[in-house]
Amino acid sequence: MDSRTEMNQPIRIAPESKSKLKMVPCGKCGASVFIAGDIPRFQTTPCTKCGHPVMLPVRLRQFELRSIVASGGMGTVFRAFDTSLDRMVAVKLMKPELSSDEALVKSFSREARACARLNHTNIIHIYAFDDIEGEKYIVMELCDCGSLDDKLTADGKVDELHILDVGIKISYGLIAAMKHNLLHLDIKPANILYNDEGEPKLVDFGLASKSDEEFTADEGGVMGTPDYIAPERVQQTGQDFRSDMYSLAATMYHCLTGRVPFEADGIEATAFAHITEPLIPPLDLNPELSEQTSNAICMAMAKRPEDRFQSYDEFIMSLEASRSYLLVQRFRPGR
């Protein structure tokens, strides 16, 4: 075959790959990794460096969802970029299969509306709540530097001085919520997140209610987390700011001792233990704690609301006194 004949032969061009690789950043380790360009929307694949799930960016209006921060029963939180305001945000997207449940949709929207009224350093800031083609989502301040629960899981216990700081700051946040007549009703280590400056933020107001609303139990019982729920809520006799105070103190108790205040078999037994079982003082479980901190937590966790601190100011004063004592003991000369 001469050169002219060879030039006139048809050339076979390989079809373009249906699965072009695309490079995306890992939200955990920051590495740039290649993933298939045709994977379904929101589907993830493990990062080749650290195993964290990575995904192709998904656009919801001006928000570009880039990576998963956390996932729970109600929805998934994504690290996202706001293309209009040129900033990173968090987008909490409700699971599509839950959007037909009116009670869950109400809880999801309640979280957005409750937080949107609040403006405090230690409460998560809400920027927007929207619905696009049936997909409901909340846009909020990005706090992707772990949670108090992460610290507890990693270390077994959390430093007393740190927990006192968290208790004081979250109490101030709850005072701000009180000014808007709002109760959180689900305070726990997993609902206290940290931003990149290490500031604790109270999140997830999905169970929030107005403090002057007449107490009503849901058909399936009282909503809340059994390990930290106040006795009066279990008994369905009422709830007020002292119920949140109890849950915050129970959260501090868990972090300082490495165990929840009451251990029992099953959810119901754990909840009722808050009513029937005496509280073991934190100092008995962790002798390294200061007596002042242990006493403050025990008082905030009294069975009867009237036996607790009767204002957050009183609770904060007690925690600040413990903090001052602890600082003196730790940093006094000669130690």
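Visitor: What should the 20 residues of helix H10 (residues 312-331) span, at 1.5 Å a residue?

Guide: The expected span is 1.5 Å times one less than the number of residues. For H10 that gives 28 Å, and its end C-alpha atoms are 28 Å apart, which agrees. Helices (H or I, at least four residues) and strands (E, at least two) are DSSP runs, numbered from the N terminus. This is a predicted model: local features need pLDDT of at least 70, side-chain atom pairs count only at pLDDT 80 or more, and totals for chains, interfaces and linings use all residues. Residues are numbered from 1 along each chain as its sequence is written, and side-chain values use heavy atoms, with hydrogens and water left out.

Visitor: Which residues of H10 are buried?

Guide: Buried means under 20% relative accessible area, exposed over 50%, partly exposed in between (1.4 Å probe, protein chains only). Tyr312, Phe315, Ile316, Leu319, Ser322, Leu326 and Gln329 are buried in H10. Down the helix axis they fall within an arc of 150° (directions from the axis to the C-beta atoms), so they line one face. Met317, Val328 and Phe331, on the other side, are exposed.

Visitor: In what order do the strands of the open sheet lie?

Guide: Strands of a sheet pair through backbone hydrogen bonds, either parallel or antiparallel. Two strands count as paired if DSSP finds at least two bridges between them. Here 7 strands run in the order S3-S4-S5-S6-S7-S9-S8, with antiparallel pairing. S3 (45-46) and S8 (126-132) stand at the edges with a single partner strand each, so one side of each has no neighbour in the sheet. S6 (residues 75-82) and S7 (residues 87-94) pair over 8 bridges.
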